[in-house]
Amino acid sequence: MRNVLSISQILLIDSTATPQIEKILMTALNEVQQFYNYDKPRASFDTSVLYYFTSYGQESEDVNHTIDKGSRVNDHRIINKNVGDARGLYASTYDQQKLIKFVRETTETSDRLVILTNLEITPPSEWRYILWDTFDNASVVSTAPMDPEYWRLKDEFRFSTIKHRARAACLNVVGQDIGLERCDNYRCFMRAPVESTTDLDDMILLGPEHKLRELANRGFPSPTEVQESGDQWVRNIPTDRVSNP
Ligand SMILES: [Zn+2]
């Protein structure tokens, strides 16, 4: 039997982040795994949380905040670590290559690594922000610019919006890991290029162009549809569990 690709998904999150943010991002990572393994195992995933603190002294507050046990399903490596050494070029940014190095050194990771983090990562000089970046089989996906509050926008569905964008970005990154080509279908998770957070909002399914019959046109409703439906949590429930959509 051929070895299945293994992918580590690490949620690298501020130890003072709200439990709700942590929960939606862990759910997003679990949904990425469920999506690609829907009809057959395409990769084996291990998903865990790595807490960071930005200055010494915060450490004592670390992992004791209350979160649902359910969001820690695969979480077997909770580690606290200062990320201060990974500061980037600009005041609020971190160096994604240093983050990868730090995560690789701190935790046991597979060859393929996806780090989802609320830290802002360093954009190329002519860009205002960057959604994700990839080096040597490791990607860092930043939720910072995906947060409406980053843009000082009021969004009553803020958590849903962040979750949708994080999931869409991770579906794109993991899709490349499992060998899918990127495409020019703007509705598709494999869309390229993805240049803005609103591009992520449009990405709601895997297009038929990838010739994966069981996954073609499967996906998650867009933020706009959710907002029109008046149910902010619709998107957070896998489609097959919505009894009366
Ligand atoms: Zn596509």
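The mean pLDDT of the chain is 83, and 79% of the residues score at least 70. Among the elements of the chain, strand β8 (residues 138–142) has the highest mean pLDDT, at 98, whereas helix α5 (residues 223–229) has the lowest, at 53. The pLDDT falls below 50 over residues 58–76, a stretch that has 33 contacts in the model beyond near neighbours in sequence. Over residues 227–245 the pLDDT is likewise below 50, and this stretch has 21 such contacts beyond near neighbours in sequence. Where pLDDT is low, the predicted coordinates should not be read in detail.

Helix α1 comprises 18 residues (residues 19–36), which at 1.5 Å a residue should span 26 Å; the C-alpha atoms at its ends are 26 Å apart, in agreement with that value. Of the 18 residues of α1, 13 are buried, so the helix is largely enclosed by the rest of the structure.

In helix α2 (residues 96–106), the buried residues are Gln96, Leu99, Ile100, Phe102 and Val103. These residues cover an arc of only 165° around the axis, and therefore lie on the same side of α2. An α-helix has 3.6 residues a turn, so residues three or four places apart point the same way.

Lys81 is located in strand β3 (residues 79–82). Leaving aside neighbours within four places in sequence, Lys81 is in contact with Leu50, Tyr52, Phe102 and Thr106. The C-alpha atoms of Lys81 and Tyr51 are separated by 6.6 Å, although the two residues are 30 residues apart along the chain.

Conventions
Residues numbered from 1 in each chain as written. Predicted model: local features only at pLDDT ≥ 70, side-chain atom pairs only at ≥ 80, totals over all residues. Buried ≥ 20, exposed ≤ 12 C-beta atoms within 10 Å, placed from the backbone. Helix = DSSP H or I, 4+ residues; strand = E, 2+ residues; numbered from the N terminus. Arc of directions from axis to C-beta. Expected span 1.5 Å × (residues − 1). pLDDT = per-residue confidence, 0-100. Contact = placed C-beta atoms within 7 Å.
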